[in-house]
Every structure is written in structure tokens, then in C-alpha cells.
Amino acid sequence: MEHAERLAFQQSSRFLFLWKQARQFYTTAAEADLSIQPLLLFYGCSHLLKGLLLTRDPSYPQNSRVLQHGVTTRKLKKNNYLLLEDEVRPQKEGFFALLAKLFHLSPMQDRYSIHDLFASIPAFSDVYAALTEKPQHWLQVPWSKIYAVEQAAPSDDCQPWVQIAFPEAMDGPLAYSPETFLQYINRVAPEGSRLPLRRSEDNSKRLLLPASALSQLEQYPLFRWQKRRLFFWNGSPDSLPLPEWASHFLLLYLLGMLCRYETEWWGGAGLIPRPC
């Protein structure tokens, strides 16, 4: 953007203290009682995202509308309330709507179920699938570096490549043929971010890409990195997962609302079991 250095200088203190306060919210939440944890975590997440937002929109906030959360849910729950069947609904204006616009979250759904939001976070997808007895959507896929690729041009022979080996599955995109599978990955690629993926010659679901392009996988909705582990989304092609920051924000918004407006449920009956 124009005048980037001047804007960075002008917003540096604001950026610093947003993130500093966000860290304080998180560290305080780690020591706080579960009865108030969701509120602290939600505002910690919000402050982190405000700092991130400044890197794309240094003029934030332009008006009072963008100071609203930008999502909603039913404040009063029914007596037969089940957490995983609840949902949050993004609004057309507000903080989340601005984030969605600047970070190209499209197409947005009208509503997101709590079950889908939990299932969209790879760090505990295996545990969540076991607890709910639902299919696991995030599957870990092995990857390795190689230094000789027959399909590469001669000038690329000394360049490291990465080989990703996808497991076979009975459902989801991993059940596609190798050719259809590669077409699917390229079809859902972000605009202007198509990776130089190559199929292996043995007609299996093994893909090759230059090691220098490995970090770009984070831009794809189908891939996630977790401590050097690579995960692939094998859920429905019609419902791609949100980026993790968006899932965390929406989940913490709902949990914070339960904490505030259903105090006797949250603190008494305990919608989430306390650790021993």
C-alpha cells in the first residue's frame, strides 16, 4: 500500500499494545476459573485479530459499525439445549464481516454449527471425532523431501522437492481417482495461488511440489500445518473449513455468550466437564 513505512510507524504502538494486551488476556485465562475463562479468551482472540487487521487496514476503525462483533447467536437457550447443535450466524456488518472481507473468506455460509466449527480445527480433530463418533475430516498425510524428480526440468534436478503421500479412503475427496483428485485441489485453490503440483508416475495419490512452495500450502483451505505435521481436509467439498482464526473467534464468541447469559448452566451444571 502507499506510504507503507509511514503507516507502519504511525500504527506501531497501537499494534504492539493490542498484541500485548491479547497475551495478557490469554495468560490470565490460563489461571482463571472456568466460569469466566471464555470471556477472557474471546477478548484475547479479538485483540490478536485487531492487531492482524491493522496490517491490512491501518485506518481501522473507520466507523462505529465495525466495532460491533459482527456475529450473533440466540442469547437464551432452550431447556433441552445441546452445545454441538447450536450455531452462530455472521452478520453483514461488524468486526467479523470486515475480517472476512479483507482476508477473502468466501463463500461465507449464513450460519455455522458448533459441531462443524469444532471439527474444523485440526489440532484436536482426532480426539473430537472419537468423542462424537463422527468421521474425522482432518487426516494427517506424510510428506518427505526428495532431491531427484524425473518430471522436473534438468535445471531443477538439484532443487529439493516435497513428496506428499495421500492415504486411500472410501469417502470424501480421497476416494477420487488421482486425476480427479489433483483437479479438485487446483479447483479450490485461492485465486492467484495455484501451486505447481505434479502427479507421481505410478498413478497413485502422491503429489510433488518444490520445497520452496511448501509454505504456500497454508493459503489453501484443504491443508494445515501443525508442528511440522501436514493435515488434509477430507470433508465435504461443499463445506470447506474456515481458517483457524475464524473458527476460534466464532467458537469463543458463543462460549462467551453462554458464560455471560447462561451463568447458572455454565457455572453450575457445567456445559463442559471440569478436569479432575
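Predicted model: local features only at pLDDT ≥ 70, side-chain atom pairs only at ≥ 80, totals over all residues.

1. Now the overall picture. The protein chain has eight helices and 10 strands, and 42% of its 276 residues are buried. Look at contacts with a separation of 6 or more, and 63% of them join residues 24 or more positions apart. The accessible surface of the chain is about 16000 Å², with 54% of that belonging to carbon and sulfur atoms.

2. How do α2 and α3 sit relative to each other, roughly parallel or oblique? The axes of α2 (residues 37-54) and α3 (residues 95-102) come within 11 Å and cross at roughly 45°. Angles under 35 degrees count as roughly parallel, and at roughly 45° the two helices are therefore oblique to each other. The crossing is left-handed.

3. Stay with α3 for a moment. This helix is mostly covered, with six of its eight residues buried: Phe95, Phe96, Ala97, Leu98, Leu99 and Ala100. What do those buried residues pack against? The partners are α2, β1, β2 (87-90) and α7.

4. Just after α3 comes His104, with a positive phi of about 55°. His104 lies in the loop between α3 and β3 (112-113). Its relative accessible area is 63%, and over 50% counts as exposed, so His104 is exposed.

5. Arg228 also has a positive phi, near 65°, in a residue other than glycine. You'll find Arg228 in the loop between β9 (223-226) and β10. Is Arg228 buried or exposed? With a relative accessible area of 62%, Arg228 is exposed.

6. Back to α2, from the side of its other helix partner described here. The axes of α1 (residues 4-31) and α2 come within 8 Å and cross at roughly 160°. That makes α1 roughly antiparallel to α2, and the crossing is left-handed.

7. Which residues make the α1 and α2 contact? From α1, they include Phe15, Leu18, Trp19, Ala22, Phe25 and Tyr26. On the α2 side, Leu40, Leu41, Tyr43, Leu48, Leu52 and Leu54 are among them. By class, the residues of the contact of α1 with α2 divide into 15 nonpolar, seven polar and two charged.

8. Most peptide bonds are trans. Pro61 is in the loop between α2 and β1 (71-72).

9. Next, Pro167, in the loop between β6 (161-165) and α6 (178-187). At 31% relative accessibility, this proline counts as partly exposed. Leaving aside neighbours within four places in sequence, Pro167 is in contact with Val141 and Leu174. Pro167 and Pro142 are 25 residues apart in sequence, and their C-alpha atoms are 8.9 Å apart in space.

10. Last stop, Asn234, in the loop between β10 (229-233) and α7 (244-261). Why does Asn234 count as buried? Its relative accessible area is 8%, and buried means under 20%. Leaving aside neighbours within four places in sequence, Asn234 is in contact with His137, Leu139, Ala169, Asp171, Gly172, Pro173 and Leu174. Leu174 is a contact of Asn234 and also a contact of Pro167.

Note on methods. Residues numbered from 1 in each chain as written. Heavy atoms only, no water. Helix = DSSP H or I, 4+ residues; strand = E, 2+ residues; numbered from the N terminus. Buried < 20%, exposed > 50% of the residue type's maximum accessible area, 1.4 Å probe, protein only. Contact = heavy atoms within 4.5 Å. Areas by Shrake-Rupley, 256 points an atom, 1.4 Å probe, with all protein chains shown as cover. Axes fitted to C-alpha atoms, helices over the stretch in contact; angles between N-to-C directions. Parallel < 35°, antiparallel > 145°, perpendicular 65-115°, else oblique. Left-handed = near helix turned anticlockwise from the far one by under 90°. Nonpolar A, V, L, I, M, F, W, Y, C, P; charged D, E, K, R; others polar.
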